[in-house]
Amino acid sequence: MSLNNSLDIDIIKVNSSKIESIDFENLTFGNVFTDHMLICDFKEGAWQKPIIKPYEPFLIDPSAKVFHYGQAIFEGMKAYKDSNNDVWMFRPEENFHRFNKSAVRMAMPEVTETIFMDGLKTILDIDRDWVKFGVGNTLYIRPFMIAVGSGVIAQPSTQYRFMIILSPAKSYYSGEVKVIIAEHYSRAANGGIGAAKAAGNYSAQFYPTKLANEKGFQQIIWTDDATHTKLEEAGTMNVFFRINDTLFTAPTSERILDGVTRKSLIDIAKREGMDVQIRSILVEELINAAKDGSLKEVFGAGTAAVVSPISAFSFQDIEYALPKIENSFALQLKEKLTNIQYKLAEDTFGWTVKV
């Protein structure tokens with residue numbers, strides 16, 4: 001699949017790229033950004049003409065609604081480079097649709113497909129040298145929208161800014177990941193904004209995650225807000241559980257994000273003949289499976305980390321170690337997914353989009 005660019009856009013390029021000053025072998029995730037950014041403002045009820053310009057800070061009124069009422073949403077995507085030096089995106093239409101679902105939930109204007117998709121193609125084409133070849137090298141893409149209208153009255157803004165920034169990336173997590181199962185704090189509640197990629201969803205996780213870090217765990221497996229008996233997500237990722245040879249993951253809901261990596265892994269697993277069940281998993285089930293040896297794997301799945309195997313989990317101050325398995329489901333699925341993303345295997349699903 002390829003994108004045809006029909007976007008009317010102003011482009012101002014940097015006089016000199018900073019790419020030669022970047023150590024691409026030692027990147028900290030999300031700390032380095034490419035030469036350019038895309039900006040498109042919404043005002044007077046309509047999206048204005050987008051502009052791509054050098055990456056730089058911009059001025060914003062102290063009374064902007066984003067600061068006071070949290071109208072902010074984002075997406076996370078990646079671009080990959082193949083052996084022919086071509087740049088590819090992975091399922092960008094999924095991110096576009098989810099972005100607008102988030103916008104609707106947060107009383108923000110939906111971004112047009114032309115601005116989102118053609119804007120992506122244009123900025124990626126301009127900064128394509130920042131996408132490095134080789135498995136593990138990616139360009140992380142962060143589309144986001146914030147409320148920039150001024151005034152502290154508690155109502156939705158009338159002015160918004162849509163932006164795309166790009167960041168070269170390698171691995172998100174390094175080493176083994178241990179998690180603690182939430183018994184008190186919740187990521188989201190029914191009727192809330194858990195299914196939206198709203199900024200506040202993530203900031204609300206910081207404090208309980210800090211407490212987990214202090215106990216030696218990298219992340220939290222979130223449980224349902226009402227009973228804390230159902231396993232839902234792992235940190236900023238969807239989560240999978242392998243009991244014997246069946247792969248389980250929770251269904252999406254108002255509390256659980258509809259992850260692009262999650263749905264891709266499910267499709268690949270089904271294609272490979274794996275038994276996949278999409279249903280709620282109880283904490284009690286997980287504990288019993290860990291005790292009787294039928295729990296083989298737990299792993300997170302998301303754009304940033306792709307697949308992140310979990311080595312142990314803790315519940316009520318008891319730690320349960322996961323067995324070390326060669327040729328695990330997690331690593332099999334990760335390899336098959338990344339082979340598609342890097343064009344090392346045939347994309348039978350039609351997921352990849354050429355820039």
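Me: Which residues is isoleucine 123 in contact with, leaving aside its neighbours within four places in sequence?

Reply: Isoleucine 123 is in contact with His36, Met37, Leu38, Ile52, Ile164 and Leu166, where contact means heavy atoms within 4.5 Å. This is a predicted model, in which local features need pLDDT of at least 70 and side-chain atom pairs count only at pLDDT 80 or more, whereas totals for chains, interfaces and linings use all residues. Residues are numbered from 1 along each chain as its sequence is written, and side-chain values use heavy atoms, with hydrogens and water left out.

Me: What makes isoleucine 123 count as buried?

Reply: Buried means under 20% relative accessible area, exposed means over 50%, and partly exposed lies in between (1.4 Å probe, protein chains only). Isoleucine 123 has 0% relative accessibility, and therefore counts as buried. This residue lies in helix 3, where helices (H or I, at least four residues) and strands (E, at least two) are DSSP runs numbered from the N terminus.

Me: Which residues touch the most other members of the largest nonpolar core?

Reply: They are Phe116, Ile141, Met145 and Phe162, out of 40 residues in that core. The name is used because a nonpolar core is a set of buried Ala, Val, Leu, Ile, Met, Phe, Trp, Tyr and Cys residues joined through side-chain atoms within 4.5 Å. Several elements each supply at least two residues, among them strand 2 (36–43), helix 2 (92–105) and helix 3 (113–126), and helix 3 gives the most, with six residues.

Me: How do you know that asparagine 95 is buried, and what does its side chain reach?

Reply: Asparagine 95, which is found in helix 2, has 2% relative accessibility and so counts as buried. Its side chain reaches the backbone oxygen of glycine 76 at 3.3 Å.

Me: Why is helix 5 called roughly perpendicular to helix 7?

Reply: The axes of helix 5 (residues 260–271) and helix 7 (residues 329–341) come within 10 Å and cross at roughly 110°. Such axes are lines fitted to C-alpha atoms, for helices over the stretch in contact, and angles run from 0 to 180 degrees between N-to-C directions. Angles under 35 degrees count as roughly parallel, over 145 as roughly antiparallel, 65 to 115 as roughly perpendicular and the rest as oblique, and therefore helix 5 is roughly perpendicular to helix 7. Where they meet, the residues include Thr261 in helix 5 and Leu337 in helix 7.

Me: What makes threonine 261 buried?

Reply: Threonine 261 has 7% relative accessibility, and so counts as buried. A polar atom of its side chain lies 3.4 Å from the backbone nitrogen of threonine 303.

Me: Why is asparagine 85 called partly exposed, and what is its phi?

Reply: Asparagine 85, found in the loop between strand 6 and strand 7, has 49% relative accessibility and therefore counts as partly exposed. Its phi is positive, at about 70°, although asparagine 85 is not a glycine. Most residues other than glycine have a negative phi. Glutamine 316 also has a positive phi, near 50°.

Notes:
A polar contact is a pair of N or O atoms within 3.5 Å; within protein, one must be able to donate a hydrogen and the other to accept it, and residues adjacent in sequence count only if both atoms are side-chain atoms.
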